[in-house]
Amino acid sequence: MCKAMLLAITVSVPWTGCRCEIGQSKASAKEVARMEVVPGEIGIDGKRIHTESCGPEDARPVLLMHGASFSAQTWVDLGTLEHLASKGYRAVALDCPGFGRSDALDIVDGDFVPEVIALLGLERPVIVAPSMSGRFAYPVVRSKPELIRGFVAVAPAMTAQWAPTLMGCKVPTLILWGGADAIFDPAQADLLEKSMRNSRKVIFDGAPHPLYLAVTDEFHAELVSFLVSLP
């Protein structure tokens with residue numbers, strides 16, 4: 001499958017808001033509850049990993065990780081979990097080991113996501129990996145692609161190291177980068193795009209490294225568009 005051409009520098013997509021609203025028309029308590037963000041935790045080797053989730057448990061799952069300065073709470077505050085739930089997805093955000101409310105783990109980076117997928121019962125989730133969380137996502141994309149439906153690379157760490165090893169990888173991939181990223185050069189997005197056979201790249205002009213903070217509406221729109229496009 002051919003890779004899409006680089007999109008226009010600034011993406012402007014109409015968006016109706018990040019909060020899920022239940023209409024006034026006889027929404028059942030069960031329907032309302034499944035749109036609420038619910039905190040939880042899973043245990044790995046006796047240690048706690050904190051999660052936040054929203055949406056129907058039987059819906060297609062999206063697993064959101066975070067950068068070193070953030071946590072699962074970031075996706076709660078941005079309304080990302082509720083927005084995805086309103087579109088019919090099960091959104092699960094987690095605090096990576098040693099971050100937020102999760103305990104540190106003595107675990108190989110490449111084993112963490114598969115363990116989480118199994119414990120949460122997620123069937124081929126789409127992984128959203130910003131910045132630091134690339135260390136956990138890239139090993140799965142490279143060695144266990146059958147576990148995931150897609151990969152959303154949000155200026156992930158270690159791209160320069162991993163991109164050459166992913167040449168010809170068929171995992172559907174959305175590459176998002178801030179044009180003003182001062183942490184990881186946006187040129188790294190080109191490296192990843194060249195490696196992934198089924199990828200699309202979006203550069204947000206003027207956006208910083210945590211682009212989702214600056215262009216939240218556009219980020220949500222691109223994410224949902226990608227999810228809808230997956231078989």
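These legends describe close-up views of a predicted model. Local features need pLDDT of at least 70, side-chain atom pairs count only at pLDDT 80 or more, and totals for chains, interfaces and linings use all residues. Residues are numbered from 1 along each chain as its sequence is written, and side-chain values use heavy atoms, without hydrogens and water.

View 1. Strand β3 spans residues 61–64. Strands (E, at least two residues) and helices (H or I, at least four) are DSSP runs, numbered from the N terminus. In a regular strand the side chains alternate between the two faces of the sheet. Both faces of β3 are covered. P61 and L63 on one side are buried, as are V62 and L64 on the other. Buried means under 20% relative accessible area, with a 1.4 Å probe and protein chains only. β3 pairs with strand β4 (residues 90–94) in the parallel sense, over four bridges. Pairing requires at least two DSSP bridges between the strands. L63 has V92 of β4 as its bridge partner. Strand β5 (residues 126–130) also runs parallel to β3, joined by three bridges. Here L64 stands opposite V128.

**View 2. Helix α4 against helix α5.** Helices α4 (residues 109–120) and α5 (residues 134–143) pack with axes 7 Å apart, at an angle of about 80 degrees. α4 is therefore roughly perpendicular to α5, a label for angles of 65 to 115 degrees. Axes are lines fitted to C-alpha atoms over the stretch in contact, and angles run from 0 to 180 degrees between N-to-C directions. D109, G110, F112, V113 and P114 of α4 meet R135, F136, P139 and V140 of α5. Contact means heavy atoms within 4.5 Å.

**View 3. The ring pair F112 and F136.** The F112–F136 pair is tilted, with 5.1 Å centre to centre and 55 degrees between the planes. Rings of Phe, Tyr and Trp (its six-membered ring) pair if their centres lie within 6.5 Å; planes under 30 degrees apart count as stacked, over 60 as edge-to-face and the rest as tilted. F112 lies in α4 and F136 in α5, so the pair ties together parts 24 residues apart in sequence. F112 counts as buried because its relative accessibility is 0%. F136, at 2%, also counts as buried.

**View 4. The ring pair Y138 and W162.** Y138 and W162 are stacked, at 6.1 Å centre to centre and 15 degrees between the planes. Both are buried.

Notes: Buried means under 20% relative accessible area, exposed over 50%, partly exposed in between (1.4 Å probe, protein chains only). Angles under 35 degrees count as roughly parallel, over 145 as roughly antiparallel, 65 to 115 as roughly perpendicular and the rest as oblique.
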